[in-house]
Amino acid sequence: MAKKENKTMNELVALCKRRGYIFQSSEIYGGVASTYDYGPLGVELKRNLKELWWREMVQLRSDIEGIDSAIIMHPKVWIASGHVDEFVDPLVECKECHRRFKADDLATVEQCPVCGSKDSFTEPKLFHLLFQTYMGPVQSEENKAYLRPETAQGIYVNFENVRTPARQKLPFGIAQIGKAFRNEITPGNFTFRTREFEQMEMQFFVHPGEADEWFDYWKEERRKWYSSLGFSMENLTFHVHEKLAHYARAAIDIEYDFPFGRSELEGIHNRGNFDLSRHQEFSGKSFEYFDQARDEKYIPYIIETSGGVDRCLLALLVDALVEEPEEGDPNKTRTVLKLHPRLAPTKAGIFPLVNRDGMPEMAKKIESELREKFMVFYDDGGSIGRRYRRQDEAGTPFCITIDGQSLEDGTVTIRERDTMVQVRVAIDAIAGMIDKYTDEWRRDGGLSI
Ligand code: GAP
């Protein structure tokens, strides 16, 4: 396999804009700092990623239920969860330029990173990460509400609402995908740290005596999942936390080697019974569970897997972006996004070789048939070589060309993105062939067409 060259984040950002994956939000007004919109390819990649997570966590398991809870919850939720008191960062302000920085980031620096002024910082002040708003027309203290900073609390408060109708017994889990908001002080690195983002969270409720076992179980399940997405596993690390968040008894981060450094994609936490005990205390409703098999009452422990959709998507793009020598001309390179075909926004490009002799009509018919099954892209612009390059860069795993022979014998060529191998197949075998190649795809280009 061709050697992967390190691409800088700038190149990835440019590709994302060029191909319609991700671009600056409100761009025509100069953009909003660290806020991004997902374009036609980005939204498909995001949908595919979330769908694979949901399939793994909910569809394939009888012991996990799904939920979609509200973004705005009762303000007491955030007092009980500890966010109102604990979700703060100490900040210092430069007395010269009035920029604010995390005190931790400046622990070893005495100079303002922006204006260069020396020894002129204020004493650290606490800065709240919760986004605040008001419910109703009156902006008063009692109408204060928060945008959720994590989806997890919507799961905890609904423990009984989900468990009872679903007739679940412990151990069982509740999964949710949704937006979360944090007024981050230092957002950055493209979509890595933003103020509005999506989480994929699963909370698994267990007997306290089994929490360690389930923590190890979920670590392994999550490792397998990242591997199934086609990640180069040498770029992923499991980092054990020494310093724990206020709710956690044990924590592990799954980290990815981004061009800007090794950074967190997902956290796996043993939260003990902190959350349910706190909601019991603040709501006055019992969260005790009667375990019939054990003849025992207890507040369940929670093992949490908490991943970021946007961060995982960014890591997938970084991992997939490859520049390699062109076949037959080592002086030229091609840019390829080697996404797993299951994740790729467009499954197939469909090209009539020329725009005449019945080829476009045949290609259009194939396009509308394949659209029933997956996203495809019809392209009749420019040489076949250029059309291949465009789809390589967009991450499209298969390209179908309709040529003169197609009109005679009803066959087309399918070209695979990573190996660039081409085979001829009958038109009614295209969809089956694409499914087969998708199942057989390997990160190291081991697909044998
Ligand atoms: N419920 C636990 C929790 O929210 P967290 O480590 O604060 O834990 C979980 O967040 C995941 O959410 C992170 O691993 C990351 O993928 C994502 N995430 C958190 N803050 C983010 C931000 N500002 N921008 C993008 N993703 C973020």
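The face of helix α10 turned away from its buried side carries E361 and K365, both exposed. Exposed here means over 50% relative accessible area, buried means under 20%, and partly exposed is in between (1.4 Å probe, protein chains only). Helices (H or I, at least four residues) and strands (E, at least two) are DSSP runs, numbered from the N terminus. Keep in mind that this is a predicted model: local features need pLDDT of at least 70, side-chain atom pairs count only at pLDDT 80 or more, and totals for chains, interfaces and linings use all residues. Residues are numbered from 1 along each chain as its sequence is written, and side-chain values use heavy atoms, with hydrogens and water left out.

**Helix α10**
- On the buried list for α10 are M359, P360, M362, A363, I366, E367 and L370.
- Seen down the axis of α10, these buried residues fall within an arc of 160°, so they line one face of the helix. The arc is that of the directions from the helix axis to the C-beta atoms.
- As background, an α-helix has 3.6 residues a turn, so residues three or four places apart point the same way.
- What covers the buried residues of α10? The cover includes β19 (348–352), β20 (376–378), β21 (398–402), α12 (404–409), β22 (411–416) and α13 (430–440); contact means heavy atoms within 4.5 Å.

**The five-stranded sheet**
- Five strands form an open sheet with mixed pairing, in the order β20-β19-β21-β22-β23. Two strands pair if DSSP finds at least two bridges between them.
- β20 and β23 (422–426) stand at the edges with a single partner strand each, so one side of each is left without a neighbour in the sheet.
- On average, neighbouring strands of this sheet are turned by 25° against each other, direction ignored. The axes behind that angle are lines fitted to C-alpha atoms, for helices over the stretch in contact, and angles run from 0 to 180 degrees between N-to-C directions.
- β19 and β21 run parallel and are joined by five bridges.
- P352 stands opposite I402 in β21.

**Nonpolar cores**
- A nonpolar core is a set of buried Ala, Val, Leu, Ile, Met, Phe, Trp, Tyr and Cys residues joined through side-chain atoms within 4.5 Å.
- The largest such core has 54 residues, of which Y21 and L229 touch the most other members. Helix α9 (residues 309–320) supplies the largest share of this core, nine residues.
- L229 touches L49, L52, C312, L316, H340 and L343, not counting residues up to four places away in sequence.
- Apart from that core lies another, of 21 residues, among them A348, F374, V376 and Y378.

- A cis peptide bond joins L170 and P171, with omega about -5°. P171 sits in the loop between α6 (159–166) and β9 (172–181).
- S34 has a positive phi, near 55°, and lies in the loop between β1 (22–24) and β2 (36–38). At 15% relative accessibility, S34 counts as buried.
- N189 also has a positive phi, about 55°, in the loop between β9 and β10 (196–206). At 41% relative accessibility, N189 counts as partly exposed.
- E44 lies in helix α2 (residues 40–59) and, at 12% relative accessibility, counts as buried. E44 touches P345 and M375, not counting residues up to four places away in sequence.
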